[in-house]
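Please look through the two chains shown here before reading the notes. The points below are meant for someone meeting this structure for the first time.

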Amino acid sequence: MRRVCITGVGLISSLGVGRQAHVPLGPAQRDAQSFAPFPIHPLPALGMENVIPRREYRQMENFQRLGTYAAGLAIADADAAGLVAGMDLVVAAGGGERDWGLDEAIQAELLAIPAEGREAWLHQKLADGLRPTLFLAQLPNLLAGSISIVHNVAGSSRTLMGEEGAGAEALRVAAARIAAGSAEMVLVGGGVIAERWDVMLAFGAALHHGPWCPTAERDGLIMGSQAGFMVLESEDHARARQARILAVLRDVRVDAGPEEGRAERFAALAPASGGLSVAPMRAMAVPGAEMLADAIGSGFEASFPVGVALAALRVEAGAPHIVVHGFGHGYGEFSALVEPCP
Amino acid sequence: MKDHRGRPRVVVTGMGLVTALGRDLPSSWAGLMAGRSGIRPITRFNTTGMRSRIGGCVDFPGDVPGRPLTMAQRLVAMGELALDEALAMAGLAKPFPGRLSLGLPPTELEWPARADIMRHAEGTTNRDLAIASTGMPEVHRVQQVVEPVRHFAARYGTRGFPQAVTTACASGASAIQMAVEAIRRGETDCVLSGGCEASMTPETMIRFSLLQALSARNDPPETASRPFSLTRDGFIMGDGAAGLVLESMEHATARGATILGEILGVGERADTFHRTRSSPDGLAISGAVENALRDAGLSAHAIGYINAHGTSTPENDKMEAMAMHLVFGETCPPISSTKSMLGHTLSAAGAIEAVICLLALRDQMLPPTINQTDTDMALGVDVVPNIARPHGFSAALSNSFGFGGQNVCVVLGGAEA
């Protein structure tokens, strides 16, 4: 099996953009008001309209913009802009963003419309109110599509859905392809926006509500906007082009199954203590683990790629080796080892 | 047992189909061979005022007009039928001894369920609904994107993390591709694969209509999907599901399974041109075909039949025909679009059409493209017009192209005599 190297990282969260904002982690940025009673970790002003071409920017929703921005950072960090034509892409993403202004306008009237005419009334409202290009901004695979269009990434393209575990599975598949020799260079990651009422509605029952509290005390997750992309590369390919190797990615393990076996499956993957946890809540705690969600909140599909990207930056800065581990709020258990390249 | 690159050969030992033409593989295939259309007026919701009011519907007893099954419920209902059929054909019992990889659409909170939450909310703002929803976990469970794939993983006892693959209209082909790669890497001996689609909800139909993607030829419904014709004006949405049991040839042979066919190669190429249109030079499509042929170790003349993406939109069919000429030269193999009969089953299409190719190889019969009263002769392709045709061939190509520029091609072979 070939060694899988991380040669580029694009990291964005409530703490800001890139290395300086994340190594070391700054104080958490939180917003308790805007989406109360659900606290979130919001994005700072990013000026994404200045880094994504205007024509494309207008056709994307925020999760696509954020992911596309982070993907571009990873490509630049890997000094791989000239290699995108053959670069493969694996993305983890969830359902896209709705027009929640339109939803709210419809909700204000819906139940007052006589039942026999309500369906036709609703459909007319949607037909009149939806922006024609919104659909494309909503589809999860259009994050990958946007990355291909904006950054000219033209190899293979796959998108996985499935909350937190999908982010880990995307990373596992990307690393496995490189290890087995069926890919040389893969761009992999995800991006999630917390500032969305539609996602609060979709995940309401899984969210923490009330005052902010540490992850180790949460039973529901606190969302944080975040995106993590990485360029993974075979060691031979990286050395041949004299690329800087940030870290080596090993042992990406992902599992899922019935609820009753979760703790056992997780224990089989995660270390007995320590490491960097991207867990969304206190269940299945690993003693001594650093809880990344304390600093930046939870980012569903993006959580694990963000954790691994951060670990790569820390290894580059001198950390010996870091086990990144976590689990989905509903299902999926996962871990990976990030270590220096010998 | 190994292919031309020394990788494990990947064979098909079980197949299942649910389409607008039938709830199982034999009835679906019989309908396709008869050149019958499964397109009819939509009855499970009110289509008044909609541009497109017809579809390849797979309705269930739970579909009360105005209160149809949710997308997730229909995905589960169709997926169970198709995957059960595939598993039974493969002679495998649960728990399934390998992974799960399915092409699936994103689901979301639909309006009937949203109205239920509103009845428990203090007001009508999103905030009011979100707060009310925290006490209604059961409403969420049947709407979540992950619910169908979690359900299938639990039902079949598959191993590892279940893959819900989405590359829009190429999802089913991408799922097969990811399954094939996992078997070739030796990660798993077998994969339960396929795709399901149930996006025919009012809001999704409205979204596609706003993109000018759907046909407005509502009457008569049977003639609306007319790929490669001069009067094609958009696609028709279809429900459907396909299941495939994929195994390494070694695993299938060792357990004495009947080999139904083979996945000879897979290839893809992302288009960087536009979200809904192919690059005008056709190179992203032809590149995907060439990658699939290279992966299969075959030259273009080995392909005896192409199951087209063939959506019946003016753009797709023109670009697809042009790109096939780039690969195959002036004379292409026969190309038919079974979407003329089933509608466009989006996330399931790649998997359904892979099964159709395997059945065509088994019976040495090509399914037709129906509604060919005005075939666009300028495209220069033999579309197998209207009537199924006997044909001797040993390899087929299945094309799938997704919004977002995700082009995936699968090369299939028949069972060896």
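The points go from each chain to the contact between them, and then to two local sites.

1. Basis. This is a predicted model, in which local features need pLDDT of at least 70 and side-chain atom pairs count only at pLDDT 80 or more, while totals for chains, interfaces and linings use all residues. Residues are numbered from 1 along each chain as its sequence is written, and chains are lettered from A and ligands numbered from 1 in the order in which they are written.

2. Chain A, overall. Chain A has 14 helices and 13 strands; helices (H or I, at least four residues) and strands (E, at least two) are DSSP runs, numbered from the N terminus. Its radius of gyration is 20 Å, close to the 20 Å of the globule rule for 342 residues, so chain A is as compact as a globular protein of that length. The radius is taken over C-alpha atoms, and the rule is 2.2 Å times the number of residues to the power 0.38. The C-alpha trace of chain A spans about 70 × 45 × 35 Å along its principal axes.

3. Chain A, interior and domains. Of the 342 residues in chain A, 59% are buried. A residue is buried if 20 or more other C-beta atoms lie within 10 Å of its own, exposed if 12 or fewer, and partly exposed in between, with C-beta atoms placed from the backbone. Chain A is divided into domain 1 (4-96 + 139-339) and domain 2 (101-131), with bounds from an automatic or database domain assignment. The C-alpha centres of these two domains of chain A are 37 Å apart.

4. Chain B, overall. Chain B has 13 helices and 14 strands. For its 417 residues a compact globule would have a radius of gyration near 22 Å, and the 21 Å of chain B agrees with that. The C-alpha trace of chain B spans about 65 × 50 × 40 Å along its principal axes. Buried residues make up 65% of chain B.

5. Pairing across the contact. Strand β5 (residues 157-161) of chain A pairs with β5(B) in the antiparallel sense over 2 bridges; two strands pair if DSSP finds at least two bridges between them. L160(A) stands opposite V165(B) in β5(B).

6. S52(B). This residue lies in the loop between β2 (40-41) and β3 (54-55) of chain B. Is S52(B) buried or exposed? S52(B) counts as buried because it has 23 C-beta neighbours inside 10 Å. Leaving aside residues up to four places away in sequence, S52(B) touches M205(B), S209(B), L214(B), S215(B), A216(B) and N218(B).

7. Helix α3(B). W111(B), R114(B) and I117(B) are buried in α3(B). These residues cover an arc of only 110° around the axis, which puts them on the same side of α3(B); the arc is that of the directions from the helix axis to the C-beta atoms. An α-helix has 3.6 residues a turn, so residues three or four places apart point the same way.

Definitions and conventions:
Contact = placed C-beta atoms within 7 Å.
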